[in-house]
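Visitor: Please show me the structure and take me through some of its contacts.

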Amino acid sequence: MINQLISKASAFALGLAALAACSAPAGKVNPAIAPDPDVEAKVEKVLKGMTLEEKAGQMVQISILKVQDETGENLDPAKLQEIIGKYKVGSILNVLNDRAQSREKTAELVRQMQEVSMRELGIPCIYGLDMIHGATYLTDGTFFPQEINLGATFNREYAATMGRIMAYETRAAQVPWVFSPVMDLGRDARWPRHWESWGEDPYLQAEMARTETVAIQGNDPNHVDLEHAAVSIKHFMGYGVPHTGKDRTPAYIAENDLREKFFRPFKECFEAGALTAMVNSASINGIPTHANHELLTVWVKEQLGWDGMLVTDWADIDNLYTRDHVAADKREAVKIGINAGIDMIMDPFDPECCNVIVDLAKSGEIPMSRIDDAVRRVLRLKVRLGLFENPTWDCAYPDFASPEFAKQSYAAAVESEVLLKNEGVLPLKGTERILVTGPNANTLRAMNGGWSYTWQGSADDFVPQYNTFFEALFDRFPGKVSWVPGVLYDPTDWQKDINVGIQKAVSAARNADVIVACVGENSYCETPGNMDDLNLSANQKELVRQLAATGKPVILVLNEGRPRIIGDIEPLAKAVVDVMLPSNYGGDALAALLAGDENFSGKLPFTYSKHINALHTYDYKVSEHREVMEGSYNYDAVMDVQWPFGFGLSYTTFAYSNMQLLSPESFQAGDKIQVSVDVTNTGKRAGKEAVLLYSSDLVASLIPDVKRLRGFEKIELQPGETKTVSFTVPASELAFVGADGKWRLEEGDFRLSCGGQAVTLRCTATKVWNTPNI
Ligand code: BGC
């Protein structure tokens, strides 16, 4: 049986290699990151002096939990010595005791690692942390709203600000590597990591992730300075659309979609200099991504000429045999992974992995050329980060956790909370008695979500100094605000909630003029966030029903990592705000927005679905919607969503007019299309507006998406003010990947639309690209 497995797996690996051979690019490829001769010389010099054992060690990353002492308060010097001295491990990840540490403590841990590493190997260790919305693994760091919120700002500035501050504060703790930005498309709300994404759209994701990548690393990936860090764009790729909706389960993605929607944003980040990438833990079309030579080696390293480093996700080489059954045992799994293109194995608790690599190299099952290539990539990263010269560094970082950084996080939260409905109750007048209720009313944990102080998010244990929604409203409206929790999250607490919690909330509501019901989800991350019902939990819905029955206006605040279905209770609310996961300043932001001190300008970066059996994305196929194409066969296929992608209200109103095509109506692939549109603030107060430009390909050889986002700009307008917003779209951006896997722009009509305005234009010549990327 084992033999059979081995031979099947080898055949599989060979199949991948054959596929790779067919699709390798012809000719020379422009490298994604232009190599620096000094960096390369340094890498070669170090590589030359290394033994095979030392090389294998550089290819392995261990969890800090493996080298901490029994108290979990410190490193264990003997364990550290063993991991680095004996196994020669080159990288460590994760936080001591699985909890955020202070900046000072983190810096001290790094000093200890580097002292052993430089003494034993003469090569610095690289320590990496999951900072995904600010310096979220430092107890004293600045947290930003989660990426899904920043997506809702449609404002690149926040991606830049978060990246810059995250890098600065992480470096201040002597850590040079963050596992960020997350680039999984949030196209399926059932998936428990939806909130880690920028939303469902590839263009939005590409723009925000590329901006953040450059902000984290700085402008020169060959020389990352002491205020910047290396990124690990993740999870490469297609992780966010598992068939089951459950974490780390298989995805099935057509190859044209894979290249056009999933790869394209990664490509932009690779080309913007991303120094490392972490691989999708699951599989695509039956191939575990960690075993996918075609994607890892051919698409990224060969076709993009990318010389960075690919790290596995958590224990994912083990998953090749324990979960996916494409390898018979660890040895075979390591062989498949490294031969597919993995450079560093995140093997949190098993340093023996180093010996497995040595053995495979000695037997020739992993060619020495592959080992050297992987080690070069690891060393290159360390050289680019300046770690050889400065394994640790002595800098002041005076802005660490400064009020200025806090201000930026607050501003991002304000722009990210989305007003979805307002039947005259908002802004609050200030005279109302306000009841704040619901399980999310008074918890920082739910405001922050996962990857905040701990993996599952446990802000309540760490940061009482920040304001919850209740506390912020209490401060903003002195003497007017009361709080009753109402219900718990878990629907199994239903009976208890109904008997006690809901009744208390209902009686409190009788003495209030307005009810702010904060419902949603507690924090979660990865597999613990899997669920079988996307409906908001039944007890929370019952709370809203009974509160609404009092006749008092209900403002529904949705504090959730993914759009939970609320179709049946939404009509009961007079106003709805989706705050998603706005983090530590999200309470202050909400209070200011409800009070009207600030104006709403967030827009949904995902489609908010209404029905459990009708989960959609905005870029659906024209044939899915009966109104789009006359004669569409399925007359029941109506697109009925709660709120569409890009939807969000404000306290002012905007009118769009005068959309104009500034470039010729006829175009070809090499042209640039230019359009402009006038946006006027027709209301009585200042406001910001995200102006979104879409394209539609009216006839194409594959069923076209109904529309695609091609541009966005965030503008601010005073009452009565008009601004002209211009967009330049390279015509090649309107291309799609055809059934043969080739990018193509086809002759025929296109429409560009923006805020209800539209222009049509015509492509006069079909172009098919023979290169895999454009
Ligand atoms: C997650 C990654 C994370 C890694 C290291 C994994 O479980 O999928 O996103 O970077 O752990 O903590």
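Guide: A salt bridge here is a side-chain nitrogen of Lys or Arg within 4 Å of a carboxyl oxygen of Asp or Glu. This is a predicted model, where local features need pLDDT of at least 70, side-chain atom pairs count only at pLDDT 80 or more, and totals for chains, interfaces and linings use all residues. Residues are numbered from 1 along each chain as its sequence is written, and side-chain values use heavy atoms, with hydrogens and water left out.

Visitor: How many salt bridges does a search of the whole structure find?
Guide: The search covers the whole structure. The number of salt bridges found is 59.

Visitor: How many residues apart in sequence are the parts that Arg-193 and Glu-526 tie together?
Guide: The side chains of Arg-193 and Glu-526 form a salt bridge, at 3.7 Å from N to O. Arg-193 lies in the loop between strand 4 (177-178) and helix 8, and Glu-526 in the loop between strand 14 (514-520) and helix 19 (538-549); helices (H or I, at least four residues) and strands (E, at least two) are DSSP runs, numbered from the N terminus. The pair therefore ties together parts whose separation in sequence is 333 residues.

Visitor: Is Glu-207 buried or exposed?
Guide: Buried means under 20% relative accessible area, exposed over 50%, and partly exposed in between (1.4 Å probe, protein chains only). The relative accessible area of Glu-207 is 9%, so Glu-207 is buried.

Visitor: Which residues are joined into one network with Arg-156?
Guide: Arg-156 forms a salt bridge with Glu-207, the closest N and O atoms being 2.9 Å apart. Salt bridges that share partners join Arg-156 into one network with Glu-207, Arg-210, Arg-264, Glu-268, Glu-713 and Glu-733.

Visitor: Is helix 17 parallel or oblique to helix 20?
Guide: Helix 17 (residues 469-476) and helix 20 (residues 586-595) pack at about 45 degrees, with axes 8 Å apart. Axes are lines fitted to C-alpha atoms, for helices over the stretch in contact, and angles run from 0 to 180 degrees between N-to-C directions. Angles under 35 degrees count as roughly parallel, over 145 as roughly antiparallel, 65 to 115 as roughly perpendicular and the rest as oblique. The angle therefore makes helix 17, relative to helix 20, oblique.
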